[in-house]
Amino acid sequence: MTLNVEKSESTYHNLKIFLQPQIVTFFVIIFATFINGPSYPYIGNLIWLPLGAMLLCFLLFDFKVVLAALMATYFSDVWFHSAPMMVTQDTILQHITAVMTPIIAIASMRFFRLSNFFDGGKVVFQHLLFLAILTALFNTIISFFINSYIASKDTNMEQINATIFIKNYLIGDLLGCLVVLFFAALVIVPAIKYFSPKSVPMV
């Protein structure tokens, strides 16, 4: 009987450890998309907070929350951007791009050994800034090719203006990443450090 109880408690504990990051990631991205407002996928937004929110979640919880990020991206489009419930090849490409670009940026930072964002309890702002620039650059370039491919298949759709697209995406993505990352570094991390010192992320 005692063994069964211990197994049950262990299963519950493992499930809790697995689900908490997924739930947090899902709602953080949903909230960021909600407050960001309308989306202009073929023109670009002045600021794009969901990318920064996704980047933050990958920094905090690593890449195990990919599925939650993908689901949040899909439901955000449906709930806030009037996207159809039916998933198409084009929307899958756009959603995968949105999720993969922060991962590629973080992996690149780790490859060049620039992924230490905390040094002796202090935030390394240079590394955060470089990560934001890298993420914005990757997302802009990959999104340009994906959206250009989608637009080229639709004869009724106006072709993408490369100059406007790249300028708007680069600025919007960079601002979105910087706002979220620096808000997290200056507000969220100190709050966690104050209330729960053992839980401070040391990525």
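S82 counts as exposed at 70% relative accessibility, where exposed means over 50% relative accessible area, buried under 20% and partly exposed in between, for a 1.4 Å probe and protein chains only. The structure is a predicted model, in which local features need pLDDT of at least 70 and side-chain atom pairs count only at pLDDT 80 or more, while totals for chains, interfaces and linings use all residues. Residues are numbered from 1 along each chain as its sequence is written, and side-chain values use heavy atoms, with hydrogens and water left out.

The chain contains 6 helices and 2 strands, taken as DSSP runs numbered from the N terminus (helices: H or I, at least four residues; strands: E, at least two). Their order along the sequence is α-α-α-α-β-β-α-α. Of the 203 residues, 39% count as buried. Among contacts (heavy atoms within 4.5 Å) between residues at least 6 apart in sequence, 74% join residues at least 24 apart.

Helix α2 spans residues 49–61 and comprises 13 residues. The distance from its first C-alpha to its last is 18 Å, close to the 18 Å expected at 1.5 Å a residue, the expected span being 1.5 Å times one less than the number of residues. The helix is mostly covered, with 12 of its 13 residues buried; among them are L49, P50, M54, F58 and F61.

The crossing of α3 and α4 is right-handed, which denotes that the near helix is turned clockwise from the far one by less than a right angle. The contact involves V66, A69, L70, T73, Y74 and D77 of α3 together with H95, I96, A98, V99 and I103 of α4.

The structure holds 12 aromatic pairs. The ring centres of F26 and F75 are 6.2 Å apart with planes at 70°, so this pair is edge-to-face. Rings of Phe, Tyr and Trp (its six-membered ring) pair if their centres lie within 6.5 Å; planes under 30 degrees apart are stacked, over 60 edge-to-face and the rest tilted. This pair links distant parts of the chain, with F26 in α1 (residues 2–36) and F75 in α3 (residues 66–80), 49 residues apart. F26 is buried at 15% relative accessible area, whereas F75 is partly exposed at 22%. The rings of Y74 and F75 are also edge-to-face, with centres 5.0 Å apart and planes at 70°. Y74 counts as buried at 17% relative accessibility. F26, Y74 and F75 belong to one aromatic cluster that also includes F27, F34, W79 and F80.
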